[in-house]
Amino acid sequence: MDSNREVLQEEATARRGPTSGDALPTNVRELISDVASLRLAGDSTQLIDQIRDLEDLTSAIAAMQARAAVAFDLAQRRDQAAAGVAPAKQGEGVSAQIALARRESPSRGGRLLGLARALVVEMPHTLAALETGQLNEWRATLLVRETACLSVSDRCAVDEELAADTGTFSGAGDRAVVGAARAAAYRRDPRSATDRARHAAGERHVSLQPAPDTMAYLTALLPVAEAVAVYAELTRHTDSLRSHGDPRSRGQLMADTLVERTTGTPGGVSSVEIQLVMTDRSLFQGDSEPARLSGYGVVPAEWARTMVSSGEGQRGEDLQVFLRRLYTAPGTGDLLGADSRARLFSANQRRFLEARDHSCRTPYCDAPIRHHDHVIPWHDGGPTSTSNGAGLCEACNHTKELPGWRSSTRSGPRHTIDVRTPTGHTYRSLAPPLPGSGPVNGSGPVNGGGAADVASASTGRLDSSIRQAGVPRHSERRTAVLATSGSS
Ligand SMILES: [Zn+2]
């Protein structure tokens, strides 16, 4: 952060910060109980007034939250400077703490802190409009977003020109707000459009979101030229296949082509590992307990069985299905795993952590697992065991290593990690429930669980040796289930 911004941030915070001896409230809890004790208004006219006033209150709260975030950022930077943290590293972990407090993902926490800084430090008129309900948090976000590439002075000037706190945007919708901000920004700094484009290209990414009916959205955000090129190529290939009599629809062909080109395999799924976690009853006895697919979430048992069995035979010789059995601990929904003296997690331990944790273990973070982390670090004597292991995304793994952050495991019905932040707040991370462990209330052991299989499918033929090793005979299975949860 440049010094100009820092000075502005100090000034903005000092205006509303606590001073000794003042009687103004800092306790939000009382406000919450005041709101909870409100009564609904009696007639329609009053109800509309009430809805409007509550809307204004929501905006005012968002503004105050922004001020608090900026003040927290400043306080943390001061603490870090006092502790000898290098200037370039000061501010690290701040947005992660705000994210935990707001029950948001770390990446959203970063955006919220950026929004707060822009509003409090550079856009006082927009902040005032938020405080008075003339803008809601989303419209204020739009103004911040559309001026993101301007210098501090240009952004302040645009804020003043728009003067959102004087009723400029009364009756304006989202598009009108964006249009006005964009026009003012272009006038102020015509080059900012180019900078925006460059900045936007840096944001390119591919993401995966679950869709209903065991479908998923694979989304790519790309510079327009590349997006058009990909689409044109898919269209061209599709047209050529259709002209040769392929009966599939255009949509189906384009989707199939995308999968084949990306995975490099006709039919789509190749030696890329697809991990299914399901109970042995669902796998072998037609039970309906849903399974879990890594990177996706819950899938119906029937779909999972089809996925595993279609691996047998239909696909090429080089493709294999691995079945591994992971039994849940007696009376709990936790997966069992072996300890190791090595510093690095073994391939089996890593696979186990991915099966158990499903996604990053930081509360509210849904990001895919990128690191297999020692909860208590190896250099502090933490063992390389699955109970001391956790799946984390890259950003959360970095945050965990910052000064003042500490994690520990605790015993519970499921694998549990306590994350302690530099302010001394503790957040609990519970491993997601395993298929077959039923709804878990966190208060005790769950029955009906037993054994979970990980069908770790480099999808294809169910190799006979693996079949013998992985698929238990009936007596074995019953013994295992009885030994683990007492269910039959
Ligand atoms: Zn994460």
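A residue is called buried if 20 or more other C-beta atoms lie within 10 Å of its own, exposed if 12 or fewer do, and partly exposed in between, with C-beta atoms placed from the backbone. By that rule, the buried residues of helix H4 are Val94, Ser95, Ala96, Gln97, Ile98, Ala99 and Leu100. The model is predicted: local features need pLDDT of at least 70, side-chain atom pairs count only at pLDDT 80 or more, and totals for chains, interfaces and linings use all residues. Residues are numbered from 1 along each chain as its sequence is written.

**Whole chain**

- The chain has 18 helices and twelve strands; helices (H or I, at least four residues) and strands (E, at least two) are DSSP runs, numbered from the N terminus.
- Of the 488 residues in the chain, 31% are buried.
- Two residues are in contact if their C-beta atoms, placed from the backbone, lie within 7 Å. Among contacts between residues at least 6 apart in sequence, 61% join residues at least 24 apart.

- Seven of the nine residues of H4 are buried, so the helix is mostly covered.
- The cover over the buried residues of H4 includes H3, H5, helix H16 (394-400) and strand E11 (426-430).
- Arginine 103 is not a glycine, yet has a positive phi of about 60 degrees. Most residues other than glycine have a negative phi.
- Arginine 103 is exposed, with 11 other C-beta atoms within 10 Å.

- Histidine 358 is buried, with 24 other C-beta atoms within 10 Å.

**Packing of H3 against H5**

- Helix H3 (residues 44-82) and H5 pack at an angle of about 100 degrees, and their axes are 8 Å apart. Axes are lines fitted to C-alpha atoms, for helices over the stretch in contact, and angles run from 0 to 180 degrees between N-to-C directions.
- H3 and H5 are therefore roughly perpendicular to each other; angles under 35 degrees count as roughly parallel, over 145 as roughly antiparallel, 65 to 115 as roughly perpendicular and the rest as oblique.
- From H3, the residues Ala66, Arg67, Ala69, Val70 and Asp73 meet Leu112, Leu113, Leu115, Ala116, Arg117, Leu119, Val120 and Val121 of H5.
- The residues of this contact comprise ten nonpolar, no polar and three charged. Here Ala, Val, Leu, Ile, Met, Phe, Trp, Tyr, Cys and Pro count as nonpolar, Asp, Glu, Lys and Arg as charged, and the others, Gly among them, as polar.

**Nonpolar cores**

- A nonpolar core is a set of buried Ala, Val, Leu, Ile, Met, Phe, Trp, Tyr and Cys residues joined through C-beta atoms within 7 Å.
- The largest core has 40 residues, of which Ala66, Val70, Ala116, Leu119, Val120 and Leu130 touch the most other members.
- The elements giving two or more residues to this core are H3, H4, H5, helix H6 (124-131), helix H7 (137-146), helix H8 (152-162) and helix H9 (174-188).
- H5 gives the most to this core, with eight residues.
- Another core, of 25 residues, lies apart from it and has Leu276, Met278, Ala395 and Leu434 among its members.

**Packing of H11 against H12**

- The axes of helix H11 (residues 224-243) and helix H12 (residues 250-263) come within 9 Å and cross at roughly 120 degrees. That makes H11 oblique to H12.
- Leu234, Thr235, His237, Thr238, Leu241 and Arg242 of H11 make the contact with Arg250, Leu253, Met254, Thr257 and Leu258 of H12.
- The residues of this contact divide into five nonpolar, four polar and two charged.

**Tyrosine 186**

- Tyrosine 186 lies in helix H9 and counts as partly exposed, with 15 C-beta neighbours inside 10 Å.
- Leaving aside neighbours within four places in sequence, tyrosine 186 is in contact with Ser192 and Ala193.
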